[in-house]
Amino acid sequence: MEPCHTTSAFAPQPLTIRPISAADTYALRHAVLWPNKPLSYAQLPDDIAGQHFGAFALISSDADKSDKHESGELVSIISLFIDDESGAARFRKFATSPAWQGKGVGSALLAYTIEAAVRAGATSIWCDARQSALGFYQRFGMGGEGEVFFKEEVPYLRMSRALP
């Protein structure tokens, strides 16, 4: 998928969203999702099979660079896994730097990821959502499934939606 240069109505800076390597996601995954665990806790055995995307905030000194998609600070990451047999796409390890939360960055990245799943032929998308973020996912048309469960001390709910 081509990089997406966007300006969110909520983000104070332009963003570039593009594919990144699994290794590029580890530091932000660790810092935001599981800071009290070892770095290896934020890594997945199936990372090699996933697609990984990053949102880069373009700071003013980056605006003059001709190759903008290579510049900027990595402020949000997500990993997408598609099961070709079932057509289900799953996103995992979605994390946005605390300084960039609530500014439209995560919304732009999730919209990009959903579009990537659609382009890959997925018919549905799901995630295990932290209970504290359920409202965010509901804004993307996702609904809860089953009962709340825990990973460590953190409550989660599986959320999903059909794709066009």
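Asp 128 and Arg 90 are both buried (under 20% relative accessible area with a 1.4 Å probe and protein chains only; exposed is over 50%, partly exposed in between). Their side chains meet in a salt bridge, at 3.1 Å from N to O (a side-chain nitrogen of Lys or Arg within 4 Å of a carboxyl oxygen of Asp or Glu). The pair links distant parts of the chain: Asp 128 belongs to strand S6 (residues 124–130) and Arg 90 to strand S5 (residues 88–96), 38 residues apart. Strands (E, at least two residues) and helices (H or I, at least four) are DSSP runs, numbered from the N terminus.

The model is predicted: local features need pLDDT of at least 70 and side-chain atom pairs pLDDT 80 or more, while totals for chains, interfaces and linings use all residues. Residues are numbered from 1 along each chain as its sequence is written, and side-chain values use heavy atoms, without hydrogens or water.

Asp 128 also forms a salt bridge with Lys 151, where the closest N and O atoms are 3.6 Å apart. Lys 151 lies in strand S7 (residues 143–151) and Asp 128 in strand S6, so this pair ties together parts 23 residues apart in sequence. The relative accessibility of Asp 128 is 15%, so Asp 128 counts as buried. Lys 151 is partly exposed, at 28% relative accessible area. Through shared partners, salt bridges join Arg 90, Asp 128, Lys 151 and Arg 158 into one network.

The whole structure holds six salt bridges. One of them joins the side chains of Arg 29 and Asp 47, at 2.9 Å from N to O. This pair, too, links distant parts of the chain: Arg 29 is in helix H1 (residues 22–33), Asp 47 is in the loop between H1 and strand S3 (51–57), and 18 residues separate them. Arg 29 and Asp 47 are both buried.

Nine aromatic pairs were found (rings of Phe, Tyr and Trp, the latter by its six-membered ring, with centres within 6.5 Å; planes under 30 degrees apart are stacked, over 60 edge-to-face, the rest tilted). Among them, Phe 91 and Phe 94 are edge-to-face, with 6.2 Å centre to centre and 85 degrees between the planes. Both Phe 91 and Phe 94 are buried.

Arg 130 lies over the face of Trp 34, 4.9 Å from the ring centre. Lys 103 lies over the face of Trp 100, at 5.4 Å.

Definitions and conventions. A charge sits over a ring if NZ of Lys or CZ of Arg is within 6 Å of the ring centre and within 35 degrees of the ring normal.
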